[in-house]
Amino acid sequence: MNHQRRIPLEGCVNFRDLGGYASSLGGTTKWGVLFRADSLHRLSPTDSEVIAGRLGVRTAVDLRANDERERVGVLNPTLGIVEHHVGTTDRTMHTYERPDPDMANRSFGQLYENMISSGGERFAAAIEVVADPGLWPTAFFCMAGKDRTGCLAAMILGLAGVSRQDIVGDYAATAPAVPAIRERSLAELPEMAKVWAKLPDDITNAPVSAITELLDIVDDRWGGLEGYALEFGVKPQTIERLRASFLV
């Protein structure tokens, strides 16, 4: 069977299947059960037929903040996809009157570290949903499908025993979609331009250095992605269940 990593859609530009990655635990990750994406609020009628119909997605995990959902919209409830809102932060950076002045001096990987540590319990809650095979096929997403989604994808793949090289490659595969993601984000949230200007120059891209630095930090602080997940409340049986169901 021919499998497709990137699913071409009209409203989403970064919808990808997490199947087909070799695991050090044996086997490969299963195709057609876990998907990562940019925001699903933009789905066209044709996209909806693909996602809810051909792919059979039953569950969606929205990692966006409340204000993002209020400003730009949510997944169409008529699709019959059960949505779990697990915002990894309460509100987006552009809504803060006094943003952290140290942000501009942090590397991209350090910004990711801050995100997954301050939002650790929420990422753990997202893992609990995404790793439940009883809810599959599942798609998880944020606004761009790059940062919050990229970190969660790295966690899921890492827990499944996927190699560091493939985790980095999966993150970097967002790069071709970045121009379209940037254009759409600014059209919907134009104030983000001011936020981006105060952050590292590569903040709107998907540089390999960002995820490699984060993985190094996770190794140093938590002893790896499994240690991170357990620290913030992911159940050991959840990890075992993910491996048993996601690897074939």
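Which residue forms a salt bridge with R42, and how far apart are the closest N and O atoms? The partner is E188, at 3.0 Å. The legends below describe a predicted model, in which local features need pLDDT of at least 70, side-chain atom pairs count only at pLDDT 80 or more, and totals for chains, interfaces and linings use all residues. Residues are numbered from 1 along each chain as its sequence is written, and side-chain values use heavy atoms, with hydrogens and water left out.

**View 1. The salt bridge between R42 and E188.** A salt bridge is a side-chain nitrogen of Lys or Arg within 4 Å of a carboxyl oxygen of Asp or Glu. R42 sits in the loop between β2 (34-37) and α1 (45-54) and E188 in helix α7 (residues 178-188), so the contact ties together parts that are 146 residues apart in sequence. Helices (H or I, at least four residues) and strands (E, at least two) are DSSP runs, numbered from the N terminus. R42 is buried at 15% relative accessible area, while E188 is partly exposed at 24%. Buried means under 20% relative accessible area, exposed over 50%, and partly exposed in between (1.4 Å probe, protein chains only).

**View 2. The salt bridge between E128 and K235.** The closest N and O atoms of E128 and K235 are 4.0 Å apart. E128 belongs to helix α4 (residues 120-130), and K235 to the loop between α10 (225-231) and α11 (236-246), 107 residues away. E128 counts as buried, at 18% relative accessibility; K235, at 42%, is partly exposed.

**View 3. A network of salt bridges formed by D62, R64, R69 and E83.** Within this group, D62 and R64 meet with an N to O distance of 2.8 Å. D62 is buried at 0% relative accessible area, and R64 is also buried, at 0%. The whole structure contains 15 salt bridges.

**View 4. The parallel pairing of strands β3 and β4.** Strand β3 (residues 59-62) and strand β4 (residues 82-85) pair over four bridges; two strands pair if DSSP finds at least two bridges between them. V61 stands opposite H84 in β4. From β3 the chain passes through helix α2 (residues 66-72) to β4 in a right-handed β-α-β crossover. Right-handed here means that, with the strands pointing away from the viewer, the path from the first strand over the helix to the second runs clockwise.

**View 5. The largest nonpolar core, with 51 residues.** A nonpolar core is a set of buried Ala, Val, Leu, Ile, Met, Phe, Trp, Tyr and Cys residues joined through side-chain atoms within 4.5 Å. L34, I116, L152, M155 and F246 have the most contacts inside this core. Its largest share, eight residues, comes from α5. Leaving aside neighbours within four places in sequence, F246 is in contact (heavy atoms within 4.5 Å) with residues including L18, V33, L34, W136 and I156. Another core, of 17 residues, lies apart from it and includes F35, L43, I81 and A139.

**View 6. Helix α5 and the residue G161 that follows.** Of the 12 residues of α5, 11 are buried, so the helix is largely enclosed by the rest of the structure. The buried residues include R148, L152, M155 and L159. At 1.5 Å a residue, α5 should span 16 Å, and its end C-alpha atoms are 17 Å apart, which agrees. The expected span is 1.5 Å times one less than the number of residues. G161, after the helix, has a positive phi, near 85°.
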